[in-house]
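Please look over the sequence and the structure shown here. The briefing that follows is grouped by topic.

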Amino acid sequence: MSERSNLRLLVLAVLVVSLLGTLVARSFYLQIMEGAEYRAAAEGNTVREVAEPAVRGLVLDQAGRPLISNRTTVVVTVDRQTLAQEPNDGAAVVTRLSRILEVPRDSIADRLKTCGTEGAKPPPVCWNGSTYQPVPVASDVDTQIALSIMERRREFPGVTAKLEAVRQYPAPFNVNAAHILGYLGPVTEEQLDAQGDTTDPDRLRRTDVVGRTGLEKQYDDQLRGRPGITTLAVDTAGNVTGTLEEKDPQAGDYLVTSIDAKLQSVVEQQLINAVRRAQGQGYAGKSGAAVVIEVDTGRVLAMASYPTYDPSIWIGGVTRKQYQQLIDDESLSSNAYQGQFAPGSTFKAISTAAAGLDNFNLYGIYPCPSQVTVGGTVFRNYESKPYGPISLTRALEVSCNTVFYDIAKRMWQKAGGPDADVTAPDPIAEAATSFGLGVPTGIDLPGEAAGRVASREFKYDNWEARKDTWCRNAEEGYPETRKTDPKLADYYTALDRENCTDGYQWRAGDALNAAIGQGDTTVTPLQMAMVYAAIANGGTLYQPQVAKGFVSADGSSVQEFDPVVVRKVEVPKSAIRFLRRSLPGVTTDGSGETPFLGFPLDRIPVASKTGSAQVTGDKASTSWFASYAPANDPKYAIVMMVTEGGTGSKTSGPSVRKIYEAIFGVRGTQVNPRDSVLVGGEPQQALPVVRPDGTPVAPQGRRSGVADIRAAGSSQ
Amino acid sequence: MSGILASDPATHTLTRQRGYWRDLDWILLIAAVGTTIFGSMLVWSASRADMASDSDPQSYLKRHVINVVIGVALGWFASRVDYRWLRAYTPIIYGVSAFLLVLPFVPGLGTTIAGARAWIDLPGGMTLQPSEFAKVAVILMMAVLLSEKRDIESEPRDRDVLMALGAAVLPILIILVQNDTGTVLILGSVALSVIAVSGARTRWVIGLIGGAVVGIVVAIQLGLLKEYQVQRLTSFINPGDDVTSAAYNAHQARIAIGGGGWTGYGLFEGPQTQGKFVPVNESDFIYTVVGEELGFAGSVLLIALLGVILWRAVMIAFRADDMFGRLVATGIVAWLAFQMFENIGMSLGIMPITGIPLPLVSAGGTSMMATWIAVGLLENVRLHAVRAGS
C-alpha cells in the first residue's frame, strides 16, 4: 500500500483520537467542573400541566335526538404569564380589554387574581385554576369584538378569543326532563379531596365542571371525556422553558337514553293535565309524577315530575334568588324517583300476591262488608260501600278494602297476633320486599329514595330508635303544652306512654293498613311502575335504566347496556298469573273503567289498578293509576300519581289513557301504529348512529320508520 | 490471494468455515456486543417514562432487542460473504439502496419525523430509514471504484476519483432533499476520508475540504437551508437566548449530563431522563441518559467502548491486504467516528443539533442493522487479510 495512503490513514486515526478526546474533555467539563451548577438547574426543573377540558358528550333520546347538546360561545382568555412581561404587569392591556369588552376594569382585574392571594375576591370571582392556565375573563363575547381583539394582537398581548362549548338543552317537542338530565356545576372541594393526591391525567381539576345531578352526574366520567394535557417545563423562577408533551382532548362519549323525547313530552303534558284536573275538582294538586317502563327490559321510556324547572337555568351559574325560587317551588327533586308516597290501593296487587304466598285460595269467595271492626277500631270500605261475598278478582276490580282487611287479619293471627316475634312470617311485607319495595330500584340516577315497607321489623326498629324520647315525654307529661292546653297534654302523654310500653307491637290495625297500602308503607312512583312491569312480564323484577349505551363522539365505538334483572319475584307463579287475569277487569268492569270508556280495549286491553291513598291531616287523597298494556302481550307499564289529587280514576286515569293513545296510535276507536309517537310504533332496539362529524342520526334497523329527528332541533 | 477462496461466487456466497472463529477480531466483536448491551440498557431507561402508561411498558425495549437480533444476524452474514461476490454485487447493492432512498418521497409510503422526510412506513408500525443503508452502499461503491484496475502502489486516476465522488454525491443530494442534514455531513466526511486514503492526489483532498467549507457557507448565506435548519445548527451557540424547541432541547440535554457528576444518579433514577425533560433521549439524545444516570464514569466507559471499536477498525484498515478492504474499513471508521462525535457532541452542546442516532446505542432499527453490517464488513476485511497473510 502506498505511503500516501498509510499516512492519510494515520491522519484519520489521529483525528478520531482527538474527536474522542474532545468528547471526554467536554464531558469532564460539564459533569465535574460545572456539575454542581447543572445539578441545581436539574432540581429547579419542574413540570406544569395545563389541562384543556374535552367537549362533553351529548345526551340523546332513543331515536338520536339530542336532549342535551353543546353550543359554542366565544370566550376571551388572558394568559397572565404573558401579561406579567408587559410594563406594569399589563395594566394598560387590562384597561384596553375592559374598554373593548365594555365591562368594568376592576371586574377583569379581580378575575385575574389567583384565589387566596393578597387582595383576591372570594370565588367564583377570583381565579381558581393553575397559574399557567389562561384565565377566562368574558364569555358570550360578540364575534366582531373577538375578531378585532385577535386582529390587534400587539395591543392585546396574552389575550385570546376562542370558541368554547357550553351545555344547551334543545328540548325537542318542548320536553323538559330536567330531573332525568340533571345539570352541571363546578367541581366541589369534597370531590377534589376524595380523589386525593393523584397524578392521573384524567383527574378532576379545580376548574372542571362536573355533573351535579341526574344523568350528568351518574355518567359524568364518560360524558366528560379526557382532557387535553400540555406539559410545560418550568424553571425555578417559574418561567416556562419548553413544552414537553401535548395531548389533544378526547371528546366525551354520547350517552344514548331509552327516553323518547316525543313520548316524554306527551307524558309531561299529561301529568300537567292530571294536576289541572285535580285542581279543577277543588283539590290542591300539589305535585305528581308519571313513569313509562318497557316491561321486558326495565328501560325508562319517559319519566316526568311535577313541579319541574327549566334546566337551562343552571347554564353559566344560578343566582341566589333563582336558587331560592327552586327551593320554594320544591321543584328540584323528582317526585318520580325521589318522592315517597303511600301507595294506597295500587298496593293491593302485592297483597294479592302475598295471599297466594300464604296459600289463600285466590279463586275463593271473600266477604266484602262495608266495614270491619278490629280491636275496637272500625275499618271502612271506600265510601263504606258493601259488595257482599265476592271473588278476589272482583275485590281487585272494585278495590274492596274489607276483603284485604280480612285476609290481612287472618295472616296476622296465624303469625301469632300482637305477641308474635319480630321474625314471625309476614307474607305482605315479604311480597312487598320481593317486588323491590323498601330499597332503591337501582335506577341509573343519583339520589334515589328507598321507600319503606311497614312490617313487624320496621315497627320494632322504629320503637328502638324512638322509645327513649317517648318514655321521657310520658314521664314529663308535656309541661309546656300543659300550661296552655292540659287536655292536649294529657292526650299526648297517654299516647307516648302507650308507645313507650308497647310501641314495638305489630298490631292488627297495622297489619290491616299495610294490606291496603296505607300506614307506614311508602313507595316511589318508579318503584310502583317496576312492580306493575314485573306483574306484566310474568314476575321478573328489572332494574330500571335510563341509559341504553354510549357511542363515541366520532361514532367509531359503541357500548350497549343490557337489561339488568334484580330477581325473579318470590311469589307463586299462580299468583302472578292470577293478577294478570284479574287486572284487565279493573279497566273493563272496575274502578279503572271510567277513564277508559271508548278506548279500544278489545284491541289493546289495559290492566290497571287505581289508588286513592289517604294521607294524614285533612288533605285530599293521593291519586294513583298503575297499569300495563297490552294486557294480553304486555309491553309498557305506566304509573301516574298526583298528591292531593282525589281519586285515581278521575285525576290520573284519563291522563294515563292519553299516554297509551299516544304510544299505540289510538285515534277514537282506531288503532294505527303509524300514528304512534314512537318512531316505527315501538321503542328502538338499536342505538342511534353517530356520524364521524358528531351528528347523531336515528338508529338503522327494522324498527326505525319515518324518522322525524330533523324536526326535533339541531344537533350541535 | 484468490487461492484461499475455493468456492465459486456464483453458487456460494459465503467463505469456507475454516479458521473463521479463530481469526475473528474478538476485541472488536466483544466491544461491539458490549456497546450494544450498554445501549439497550440506556434505551430501556429512556423509554420507561414514555411507555409507563402503555399496556406493555417493556414494548419499546422488546422492539429494540428484536432490532439488535436482526442486526447481529445481518452482521454475521456480512462477515462471511465472499469478498469477490461483495465486489461483484456492489453496484446492485448501490442501485437498490439509491432506489430505497427515493421511496420516502412516495406519498403513502414516506413518513416525516422531526422535519426530515427520511423514513419508509412498514407494516406493523415499523419504519425504515434507507439513508442508514445508503452509508454502507456508498462506502462499498467508492471502495470498488477507487480500488479497481490499478496497481496497488499507484494513485487513483482522476476519472476514478470523479466517479467515486459522483457515487457519494448522488445519495447526498437525495438525502439533502429529505432534510436529513446530519446524514449529509457524515456522508461528506466518509467521502472525503475514503478519497484521501485511496491515495488520490493532494489537490483532490484540499479541493474537497475547501469545497465543503464554501458549500456550507454559501448554503447558509443564500438561504438554501430552511430557517429551522439554520436554527437547529446555530441554537447550540446561544441556548439561553430563547425557548424555541431546538435551544430548549440543547439546554435540557446539558442540564441532564451536567447533573450527573462523577457517578450519576443511578440507572432509572435520573430526574431529567425519567421526567421526560429531554426529548428523544432514546435516540438522538441518548448520551444524556448515560451522562445523567451513570455520570462521568459511565460516559467515559461508553466513549471507551466506542473508542475500542474505532481502534480495531483503524487497525483493520491498516492491515488490509488490498485497497478495497482498506477503503471499506476506512469508510466505516469515518462514518462511525463522525456519527459518534456528532451525536455525543450535540448532547454536550459542542455540535449542532441534527437528528442522528448513536451507532450501536440508540434505539432505531435501521441504524442498528446498518452498524452491525459495518462491524461484519470489518471482520470480513480482517479475515481476508489474515488468510492472505497465512
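**Briefing on a predicted two-chain model**

Chain B has an accessible surface of about 15,200 Å², of which 68% belongs to carbon and sulfur atoms; accessible areas come from the Shrake-Rupley method with a 1.4 Å probe, and for residues only the protein chains shown count as cover. For chain A the accessible surface comes to about 31,800 Å², with 49% belonging to carbon and sulfur atoms. This is a predicted model, in which local features need pLDDT of at least 70 and side-chain atom pairs count only at pLDDT 80 or more, while totals for chains, interfaces and linings use all residues. Residues are numbered from 1 along each chain as its sequence is written, chains are lettered from A and ligands numbered from 1 in the order in which they are written, and side-chain values use heavy atoms, with hydrogens and water left out.

**Overall make-up of the chains**

- Chain A contains 23 helices and 27 strands, where helices (H or I, at least four residues) and strands (E, at least two) are DSSP runs numbered from the N terminus.
- Chain B, for its part, has 15 helices and three strands.
- Of the 716 residues in chain A, 53% count as buried, buried meaning under 20% relative accessible area, exposed over 50%, and partly exposed in between (1.4 Å probe, protein chains only).
- In chain B, which has 390 residues, buried residues make up 57%.
- Among contacts in chain A between residues at least 6 apart in sequence, 71% join residues at least 24 apart, a contact being heavy atoms within 4.5 Å.
- For chain B, residues 24 or more positions apart account for 73% of the contacts with a separation of 6 or more.

**A nonpolar surface patch on chain B**

- The residues B:V102, B:F105, B:V169, B:L173, B:L176 and B:V177 form a nonpolar patch on the surface, and together they have about 470 Å² of accessible area.
- Patches are made of residues with over 30% relative accessible area and no salt bridge, with like charges joined within 9 Å and nonpolar side chains (Val, Leu, Ile, Met, Phe, Trp, Tyr) within 5 Å; a salt bridge is a side-chain nitrogen of Lys or Arg within 4 Å of a carboxyl oxygen of Asp or Glu.
- Helix 6 (residues 158-177) of chain B supplies the largest share of the nonpolar patch, namely four residues.
- B:V102 has its place in helix 4 (residues 83-102) of chain B, and B:V102 is partly exposed because its relative accessible area is 40%.

**The five-stranded sheet of chain A**

- Five strands of chain A form an open sheet in the order 12-11-23-22-21, with antiparallel pairing; two strands pair if DSSP finds at least two bridges between them.
- At the edges lie strand 12 (299-306) and strand 21 (607-613) of chain A, each of which pairs on one side only.
- Strand 11 (residues 288-294) of chain A pairs with strand 12 of chain A in the antiparallel sense over seven bridges, and A:G288 stands opposite A:Y306 in strand 12 of chain A.
- Helix 22 (residues 573-589) of chain A packs on the sheet, where it touches strand 21 and strand 22 (622-629) of chain A, and its direction makes about 70 degrees with that of strand 21 of chain A.
- Helix 23 (residues 648-664) of chain A lies across strand 11, strand 21, strand 22 and strand 23 (636-642) of chain A, running at about 145 degrees to strand 23 of chain A.
- For these angles, axes are lines fitted to C-alpha atoms, for helices over the stretch in contact, and angles run from 0 to 180 degrees between N-to-C directions.

**The three-stranded sheet of chain B**

- Chain B has an open sheet of three strands in the order 1-2-3, with antiparallel pairing.
- Its edge strands are strand 1 (110-113) and strand 3 (127-128) of chain B, each pairing on one side only.
- Strand 2 (residues 116-121) of chain B and strand 3 of chain B pair in the antiparallel sense over two bridges, and B:D121 stands opposite B:T127 in strand 3 of chain B.

**Backbone features in loops of chain A**

- Most residues other than glycine have a negative phi, and most peptide bonds are trans.
- A cis peptide bond, with omega of about 0 degrees, joins A:Y306 and A:P307, and A:P307 lies in the loop between strand 12 and helix 12 (320-329) of chain A.
- The peptide bond from A:A629 to A:P630 is also cis, with omega near -15 degrees, and A:P630 is placed in the loop between strand 22 and strand 23 of chain A.
- A:E102, although not a glycine, has a positive phi of about 60 degrees; A:E102 is found in the loop between helix 4 (91-101) and helix 5 (105-111) of chain A, and is exposed, with a relative accessible area of 71%.
- A:E644 has a positive phi near 45 degrees and is a residue other than glycine; A:E644 is in the loop between strand 23 and helix 23 of chain A, and counts as buried at 13% relative accessibility.
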